[in-house]
Amino acid sequence: MALTDQIGCLLGSALPWLLAVTGVLLYLLHKIFVLPKKTVPPGPSGVRLLFDILKAVKGGTLHLLGEKWARQYGEIVMCRTIIGNFCFLNSARLVRQVFTDKEIELVTNDRPKTFTATCVMYNSKDVSFSDTVTNPNWLKMRKLLHSTIKFYGSGVEKFENVMQTELCRLTKMLETKLKTNGGMHHGQLEEYCEVELEKMISTSIQRALAILITGEEQNPDSKVPQLIGDFSLCVQRVLSPTIESVLLTLPFLRFFPGTYYKELCENTLKCRDMLIEEVVTKGKAKHVPGEPKGMIGSLLEAQMSNDWLKDDHIRTLILNIIAAAFITSNELLKSIFLYMVHYPQVMKKIQQEIDSTVEHRAPSLDDRRSCPFTEAAILEVIRITSNVPLGVWHETREDIVTDGYCIPRGTVLFENIWWMNRDPAAFENPEVFRPERFLDDEGQLLPPTHPTRWRFLPFGIGKRSCPGESFARSRAFLYVTTLLQQFEFLPPVNHDLLPLRLDSWAEGIVLELKPCPVAIKRRSQQPETS
Ligand code: HEM
């Protein structure tokens, strides 16, 4: 055999070995020099992990598990399981970086697939639970939703008038209740009575929302306020992590006779369709071009100049606004008044501020500037209750690298609002209810650029941040000032006062305060009603 043939033969038989060794070497080099830059974030692992997650989802305590892991692993926590990857973002710095960094924001702001979007939101045609992939009109819809809420949400005369009229109705109703139910309180005959906080607040918000959306006064037989409450409650149930995860995995259960899932889905769709009929179909029939009434009117007006805006889009926009505005505001207001009962000294300070600035007239949104303590108290309730504890979940569309860690494509991202508001590195003595933490030395509200406010992200940040922040805070201000101007909120006499304990709030994407009776009493220096 010629020498060249022998070399060829030798090389031929050694080639696979050469390739294998080179491959291993390249892999090791890659592992040593490239992979460290793409290290997966720290986090729990092992056989118990999936069990712990499922148990927390079932018990509605995923935010508490997130808190435990944040304490254990730090700013970023990754859980890799056979059902998917979950990543907890545990600081404002990191949340800002992941959701607003120009290099990655386009791939960190999608939503994971949900049963709610598919089933309730007409096959993902909405804003809250869809994204640019599932809904090609998402960006245009989000802008429209923002302008609709903004126009009706803050500083606008119409919003203020509607809220003041509704609050006047609510205070009159409470006065009538006081007159008819007056009784003994602390040994003295006084006009006080017990009210069910949740009923009082939710009925009032339902009415106000009905007027803002339809642009019409609601006569006593209008079905809209009740439907707003019923639909929102159904969405809150479907969206609870337990139900949502079961229905997402086994969607056929919604057709399974005799199950809670079937009943819940049927009720949700029934309420949705009745609400759409009352608001959108009837609103369309009454709409006069050029004379829009309410939010539905302005959406119908926008439809005339936007070919892409179909009826399904208008329906989902209305459903998104109703569910988001009702559930969150309802929970926030209930929590605020419960905190007032537990912290009478804070209630008194708010009342003093109202007495000295608003005096006897009806509070207005302009008064926000001269009532910094009230504004701070509202922010402090938002902080301490963190009632949207893990935000609305995001999903990564591609692998991303942040802080040197690699978060793979398809990972569900949780903005760990619950922990961020409890992190002692962000808020001193976080477990203490102290509105002053949002005030400067002169008693003025800290500006949004101040480090304390910068670390406070209860409404999210970036492309998916809550478009209803201003709406929610303006509305809370009008409720708090109007009711505290006229009433004291006290512990109930015939029931125990609901304690400020973790288990006083039930699970959900928005934590829900349990039934909470409180007593009210007319303030001794009675301001005039408007
Ligand atoms: C205390 C009151 C509220 C809180 C704490 C709150 C909080 C949040 C949070 C954390 C998100 C998710 C942000 C993200 O994905 O990064 C969100 C989204 C949203 N909120 Fe709010 N919210 C409140 C009130 C409202 C109100 C009153 C409205 C409507 C008028 C509203 C409408 C929405 C909508 C439509 C989204 C989805 C936005 C999107 O997916 O692009 N929210 N909210």
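1. A pocket, as the word is used here, is an open set of grid points with protein on both sides within 12 Å along at least five of seven lines. The model under review is predicted, and its largest pocket holds about 680 Å³ of space.

2. The lining of this largest pocket comprises 28 residues. Those nearest the centre of the pocket are I83, F86, S245, L248 and T249. Five elements are listed as giving two or more residues each to the lining: the helices α2 (48-59), α3 (62-73) and α11 (241-249), and the strands β2 (84-89) and β9 (412-415). Of the elements, α11 gives the most, with 7 residues.

3. Elsewhere in the model, an open sheet is formed by 3 strands in the order β5-β13-β10, with antiparallel pairing. The strands β5 (192-196) and β10 stand at its edges; each has a single partner strand, so one side of each lacks a neighbour in the sheet. From one strand to the next, the twist averages 35 degrees.

4. The two pairings may be taken in turn. Between β5 and β13 (residues 517-522) there are 5 bridges in the antiparallel sense, and here E196 has P517 of β13 as its bridge partner. Between β10 (residues 487-490) and β13 there are 4 bridges, again in the antiparallel sense; in β13, K521 stands opposite E488.

5. In a regular strand, side chains alternate between the two faces of the sheet. How do the residues of strand β10 point? F487 and F489 point one way, while E488 and L490 point the other way. All of these residues are buried, E488 included. The charged residue E488 is thus to be read together with K521, the residue opposite E488 in β13.

6. Buried is taken here as under 20% relative accessible area. Helix α9 (residues 197-214) lies across β5, β10 and β13, and runs at about 70 degrees to β5.

How values were computed. Residues numbered from 1 in each chain as written. Predicted model: local features only at pLDDT ≥ 70, side-chain atom pairs only at ≥ 80, totals over all residues. Heavy atoms only, no water. 1 Å grid on protein atoms, 1.4 Å probe; cavity = no way out; pocket = protein on both sides within 12 Å on 5 of 7 lines; lining within 4 Å. Points joined across faces, edges and corners; volume = space filled by probe spheres on them. Buried < 20%, exposed > 50% of the residue type's maximum accessible area, 1.4 Å probe, protein only. Pairing = 2+ DSSP bridges. Axes fitted to C-alpha atoms, helices over the stretch in contact; angles between N-to-C directions. Contact = heavy atoms within 4.5 Å.
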